[in-house]
Amino acid sequence: MPGLAPVIGHRGAAARAPENTLAGLRRAHELGAAWVEFDVMLTADGVPVLIHDETLQRTTDGRGRVCRHSAEAIQALDAGAWFAPQFRGEGVPTLEQALALLLELGLHANVEVKPATGHAVATGETVATMLRRIWPASGPRILVSSFEREALGAVLRTAPELPRGLLAGRLPADWATVMQELGCTTLHLDHSRLDLRRLGELAGQGVPVLLYTVNTPKRARELLQAGAVAVFSDLPDALLAAQ
Ligand code: G3P
Ligand code: MG
């Protein structure tokens, strides 16, 4: 995956603005991030929206499961006030709104397909279909990732031209086979569950490894020096300032 930047804003810039909101994407851009990551899930009526949890209560003033609420109901919720009062009124964006903002800002993105349980294929297909319909070939770069292999398979079948990343916590034993089967060009792992020696070996084999969630400049430096191509951070400005 050419063109990756070493620091990717996580869920926008999750320590600086409410995660997975348009304000968060804008903030990441203002803070100097060239890339952002965000999570995408389907509403009950099949609209892809930016949200991390399967339930609404942590990051909005709603309750219950995302996949049981219509897009209209979810868009009426407040996704900013829980973070800080000045973000009151910030909504849960649709993927379409987020993509429009990325284009406006020239911001590259890792779109994490985050299906609710049982919705992996539909979520992968919907995200891929929308990217194929909306995203211009000359637009910023898009990298699609998921913990759900079925979702990545759906992306591959729907829009094979989209670059894909295999996302996992610990390095899975079958990572090489799965990356090959799903045509993934990047491997996204939890930095706290990967030792530096193994990271060095993967890098030595030419595997682009991206690590989440790295919030101290010291750790970011260590991982990048050991061969990681990028780290996801809630506070990209702190890492960029220390580079
Ligand atoms: O895509 C990297 C990272 O966001 C994966 O974990 O739970 O923060 O979506 P999570
Ligand atoms: Mg994520």
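In the predicted model, helix α6 spans residues 175-182, and its buried residues are W175, V178, M179 and L182. These residues cover an arc of only 100° around the helix axis, which places them on the same side of α6. This arrangement follows the general rule that an α-helix has 3.6 residues a turn, so residues three or four places apart point the same way. The face of α6 turned away from the buried side carries Q180 and E181, both of which are exposed. The cover over the buried residues of α6 includes two helices, α5 (149-158) and α7 (196-204), together with the strands β6 (164-167) and β7 (184-190). Just after α6, G183 takes a positive phi of about 60°.

R11 has a phi of about 55° and is located in the loop between β1 and α1 (22-30). N20, likewise not a glycine, has a positive phi of about 55° and is found in the loop between β1 and α1. R11 has a relative accessibility of 16% and therefore counts as buried, the cut-off being under 20%. N20 is buried as well, with a relative accessible area of 2%.

The magnesium ion (ligand 2) has three protein residues as donors: E37 and E112 through OE atoms, and D39 through an OD atom. Along the sequence, the donor residues follow the spacing E-x1-D-x72-E. D39 belongs to strand β2 (residues 35-42) and E112 to strand β4 (residues 108-113), so this pair ties together parts of the chain that are 73 residues apart in sequence. D39 counts as buried because its relative accessibility is 0%. E112, at 4% relative accessibility, also counts as buried.

Ligand 1 is surrounded by H10, R11, E37, D39, H52, E112, K114, F147, L167 and Y212. Polar side-chain atoms approach oxygen atoms of ligand 1 at several points. For H10, a polar side-chain atom lies 2.8 Å from an oxygen atom of the ligand. A side-chain N or O atom of E112 is 2.8 Å from an oxygen atom of ligand 1, and the side chain of K114 places an N or O atom 2.8 Å from an oxygen atom of this ligand. On its own, ligand 1 has 290 Å² of accessible area, of which the protein covers 91%.

H10 itself is located in strand β1 (residues 7-10). With a relative accessibility of 8%, H10 counts as buried. Leaving aside residues up to four places away in sequence, H10 touches E37, T213, F232, S233 and D234.

Note on methods:
Residues are numbered from 1 along each chain as its sequence is written. Chains are lettered from A and ligands numbered from 1 in the order in which they are written. This is a predicted model: local features need pLDDT of at least 70, side-chain atom pairs count only at pLDDT 80 or more; totals for chains, interfaces and linings use all residues. Side-chain values use heavy atoms; hydrogens and water are left out. Helices (H or I, at least four residues) and strands (E, at least two) are DSSP runs, numbered from the N terminus. Buried means under 20% relative accessible area, exposed over 50%, partly exposed in between (1.4 Å probe, protein chains only). Contact means heavy atoms within 4.5 Å. Donors are N, O and S atoms within 2.8 Å of the metal (3.2 Å for Na, K and Ca); water is not among the atoms, so sites may look incomplete. A residue is near a molecule or strand if one of its heavy atoms lies within 4 Å of it. A polar contact is a pair of N or O atoms within 3.5 Å; within protein, one must be able to donate a hydrogen and the other to accept it, and residues adjacent in sequence count only if both atoms are side-chain atoms. Accessible areas come from the Shrake-Rupley method with a 1.4 Å probe; for residues, only the protein chains shown count as cover. The arc is that of the directions from the helix axis to the C-beta atoms.
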